[in-house]
Structure formats: structure tokens, C-alpha cells
Amino acid sequence: MMSARELILSALRQGNTATAAGEPNDAGAIAAAADALIADLSLGRPRLGEGSLPMLFERQITSPKVAASLDKAASLADVPRAVDIYLTTHGLAREIALQPEPALTAMDWSGYHLHEEVKSDTIVAVGKALWGIAETGTLVFHSGPHSPTLFDFFPLHHLVVIEASRILGYLEDYVAASMGQPVPRNVNFVTGASGTTDIEGTLVRGAHGPRFLHVILVEDS
């Protein structure tokens, strides 16, 4: 009687033999099987629970396993005020690196000392996510002229703006929404602040990125 390992290897050998003999698997059959897998995505996806997508996103991103904080702003114009509340609460100066995103730079940052670049010793940076994923509390960033990748990794405190209308249910929804769009050089999926348990199994925040992640959810898109 063959072991499980032997059964697997035998199946692989048979597949290789069929291909080598000039009898490759039918491409149409493969496509049909793939279509069947995605015919009803709900069969393979967990339920998100009750509530709107922004509500579910908030619940997930502030959960203990993601451990980010979240505040709300009624509109984009209210974001500087929400940033000020965070800085005041944490005893931080009103000095920030501001991502060169037009929606952010157009805001009234009177009273702030702004930097156009983020550096390894930057304390606070304010950026804008492209999408949010309700299932996991994940933020999606595309690199580009208005979205330098280092904004996602260098600051100690990363404050991220996301509109409620940009919250999707599942990661697959992000893939669908991105179809036909220009492909960025870099995509980052950020789920909570940076952390590692490599040293004696103790969770250490800020090991390879921001130690604190704070989301400002804009309710009026």
C-alpha cells in the first residue's frame, strides 16, 4: 500500500508523462474548472457580519489583532482638525511629513510645519490610502508620484486618510476594482502597525515600519 507521499509523487509522474507524450491537459477544461471556482465567491468567503462596510472596517482595524486607532472626519476639509486631535492627545508637535497627494495638499494646514519628504527619523507622516478592506482591516497603497512608498514605512506615527466610499468588502473586490487600471510599480497592503515576535516570542511594535497606525475615516466622500 502506497503512502500519501508516494501517491502524490505518482500522480505528479503521471501528469508529467501525459504532457511529455504530447497529451497536455485540455485548456478549455482548465478554464471551465477555474470559472466554476469563482462562479459563487460567497461559498469560499467568510461572512463579514452585520453593518455597513465602513462600520465593519472600523471594527476590524481597531480589533486587538490589528491594534490600530481610528477617528472620523465629516469631510476631507476636517482632516487637519482630526490630525490636530491626534497630535494633542499624544503630546506631539504640529510638525508632519505630508504625502504629496493633491487631496491632502489642498487642505488648510495653517499652524502646521509641513515637510514634503519623509525620512527615517520622521515622527509623524500623514498619507492617503487608495482602498480599505473591511474583511481584514487592511489599507491598500499604490506607489506613484503622489504616493511615495517610504511614507508607509518610515514614520513613527503613520496617520492615514481613507474615504468611506473607498472601503471594499474583500481583497478580491480590490482586484476587481483595479482591473483595467495602470499597474503601479509597487503595491503595499498594510494591516496594523509594524510588529514582530522574533525575539523571545515577545511582540515588539515598530520593528520594520511605523509603531503607531491611526486611520482617519472620512464619512463624506
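The legends below describe several close-up views of one predicted model.

Because the model is predicted, local features are given for residues with pLDDT of at least 70 and side-chain atom pairs count only at pLDDT 80 or more, while totals for chains, interfaces and linings use all residues. Residues are numbered from 1 along each chain as its sequence is written, and side-chain values use heavy atoms, with hydrogens and water left out.

**View 1. The protein chain has six helices and twelve strands.** Helices (H or I, at least four residues) and strands (E, at least two) are DSSP runs, numbered from the N terminus. Of the 221 residues in the protein chain, 34% are buried, where buried means under 20% relative accessible area, exposed means over 50%, and partly exposed lies in between (1.4 Å probe, protein chains only). Among the contacts with a separation of 6 or more, 71% come from residues 24 or more positions apart, a contact being heavy atoms within 4.5 Å.

**View 2. Six strands form an open sheet in the order β1-β12-β7-β4-β2-β3, with parallel pairing.** The strands β1 and β3 (113-115) stand at the edges with a single partner strand each, so one side of each is left without a neighbour in the sheet. Neighbouring strands of this sheet are turned by 25 degrees against each other on average, direction ignored. Helix α3 (residues 53-61) packs on the sheet and touches β1, β7 and β12, its direction making about 150 degrees with that of β1. Helix α4 (residues 79-89) also packs on the sheet, where it touches β1, β2 (95-98), β4 (124-128), β7 and β12, and its direction makes about 150 degrees with that of β12. For these angles, axes are lines fitted to C-alpha atoms, for helices over the stretch in contact, and angles run from 0 to 180 degrees between N-to-C directions.

**View 3. Strand β12 (residues 212-218) is largely enclosed by the rest of the structure, because six of its seven residues are buried.** Two strands pair if DSSP finds at least two bridges between them. Strand β1 (residues 69-73) runs parallel to β12 and is joined to it by five bridges; the bridge partner of Asp71 is Ile216 in β12, and Lys72 stands opposite Leu217. Strand β7 (residues 157-163) also runs parallel to β12, with seven bridges between the two, and here Val160 stands opposite Val215.

**View 4. Four strands form an open sheet in the order β8-β5-β6-β9, with mixed pairing.** Since β8 (167-168) and β9 stand at the edges, each with a single partner strand, one side of each is left without a neighbour in the sheet. Strand β5 (residues 131-133) pairs with β8 in the parallel sense over two bridges, and the bridge partner of Ile133 in β8 is Leu168. Helix α6 lies across β5, β6 (138-142), β8 and β9, and runs at about 155 degrees to β5.

**View 5. Val183 lies in the loop between α6 (171-178) and β9 (187-190).** This residue, Val183, counts as exposed because its relative accessibility is 76%. Although Val183 and His142 are 41 residues apart along the chain, their C-alpha atoms are separated by 8.8 Å.
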